[in-house]
2 protein chains.
Amino acid sequence: MNKEISQAVIRRMPRYYRYLGELMDAGIERISSNDLSARMNVTASQIRQDLNNFGGFGQQGYGYNVKYLYDEIGKILGVNRKHHIIIVGAGNLGQALANYVKFEKFGFVTTALFDVDTKLKGQTVRNIKIYMLDELERFVKENTVDIAALTMPKSKAEAIANHLVELGVPAIWNFAHVDLKMENKNVVVENVHLSDSLMQLSYNIVKNRQE
Amino acid sequence: MNKEISQAVIRRMPRYYRYLGELMDAGIERISSNDLSARMNVTASQIRQDLNNFGGFGQQGYGYNVKYLYDEIGKILGVNRKHHIIIVGAGNLGQALANYVKFEKFGFVTTALFDVDTKLKGQTVRNIKIYMLDELERFVKENTVDIAALTMPKSKAEAIANHLVELGVPAIWNFAHVDLKMENKNVVVENVHLSDSLMQLSYNIVKNRQE
């Protein structure tokens, strides 16, 4: 069933998950699609449409059971299981990612960082060890690695990504300034371009000034 | 004119800009929408549709002039002018952002970092000074600040964002784990949720395994 669901819908699901998590933290057990709509600043019909992609979870007139919907969306997103992350590139960004305690709440656990800088060898970030890049292959063969975050320069990203995929890593979370296009269909890639988000912001600044 | 353009289109524009920049670097002067389409992995009709929002830039049968299109999209995105960024929160993520030399290529120049950690006082990142948070108000009053990047904990983000907006900062680039909703209409906000992108990845891992 999942196959037909557009990535645009999938992009919105983590946001539902976040908001439902906040509702749970606030002790709210049930919410109407109108109330959820007002909080999330999307239309109630959009919410119903999005959730109907997965069969819908509301009962007419009763709204949504927050905990149930949270759990179901968690299953859809695959955050009900543990994902092991390694981070290749232990500079500021790599260390920042390793420090995001929040990721663990969603089952994403960082198990190792890698770098070429020998000054970093054996150091730890939040008790996560920094290895040298030449130890990467052995580590991936001996440990479960679900996601490799690439936070090293663009020039090396493609080669390392290909190597990781050959070793069987199923997912690449790419922060290098290049859209990684992997020929291998057994890998999923998520490219994060921080400068894209900055440009969207600058577009909206200019537009806002004109209004 | 810009007012009617959807944010979905705007979200795609930085990617066009990046690809055209790469074509320029490779010395390519002209490209057909079909070739651009193949490179970017979007349909040629999508490209034409997106660009037609801004009046269209191609000549039937001649394709696009790369440099001209790059410059025009740059103007649309507002990256043809300088934007001054301050970063509030000089932890790993704040320092990682300050270290992104690439942003400067697009006119985004970081001028200061702020933190509450007195150990960081007077330190610099790539020659950008770290100030204490109590110096923020004076700095914003005395210097041009176009964008404030928030890389501090969620609990403080809302109060600092509101304060910055009162001081006249027109844009917030928010990395704190909360969707900032500003009542003030004179500010634009871009929320970056790294965990959302991680969840999208995990959805696609699960889906990929099922196929």
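This is a predicted model: local features need pLDDT of at least 70, side-chain atom pairs count only at pLDDT 80 or more; totals for chains, interfaces and linings use all residues.
Entry 1, a residue in chain B. I looked up B:Ala148 and found it in strand β7 of chain B, which covers residues 147-150. Leaving aside neighbours within four places in sequence, I listed its contacts as B:Ile86, B:Val88, B:Leu164, B:Val169 and B:Ile172. Is B:Ala148 buried or exposed? I count B:Ala148 as buried, because 26 C-beta neighbours fall inside 10 Å. I also checked B:Val189, which is 41 residues from B:Ala148 in sequence, and the C-alpha to C-alpha separation in space came out at 9.7 Å.

Entry 2, a helix pair in chain A. I followed α1 (residues 7-25) and α4 (residues 66-77) of chain A, whose axes come within 9 Å and cross at roughly 145°, and I recorded the crossing of α1(A) and α4(A) as left-handed. On the α1(A) side the meeting residues include A:Tyr16, A:Tyr17 and A:Leu20, and on the α4(A) side they include A:Leu69, A:Tyr70 and A:Ile73. By class, I noted 13 nonpolar, 2 polar and 1 charged residues in this contact of α1(A) with α4(A).

I found 49 residues of chain B in contact with 49 residues of chain A. Among the elements of chain B that each supply at least two residues to the side touching chain A are α1, α4, β8 and β9, while α9(B) gives the largest share of that side, 16 residues. By class, I recorded 25 nonpolar, 16 polar and 8 charged residues on the side of chain B that touches chain A.

Technical notes
Residues are numbered from 1 along each chain as its sequence is written. Chains are lettered from A and ligands numbered from 1 in the order in which they are written. Helices (H or I, at least four residues) and strands (E, at least two) are DSSP runs, numbered from the N terminus. A residue is buried if 20 or more other C-beta atoms lie within 10 Å of its own, exposed if 12 or fewer, and partly exposed in between; C-beta atoms are placed from the backbone. Two residues are in contact if their C-beta atoms, placed from the backbone, lie within 7 Å. Axes are lines fitted to C-alpha atoms, for helices over the stretch in contact, and angles run from 0 to 180 degrees between N-to-C directions. A crossing is left-handed if the near helix is turned anticlockwise from the far one by less than a right angle, and right-handed if clockwise. Ala, Val, Leu, Ile, Met, Phe, Trp, Tyr, Cys and Pro count as nonpolar, Asp, Glu, Lys and Arg as charged, and the others, Gly among them, as polar.
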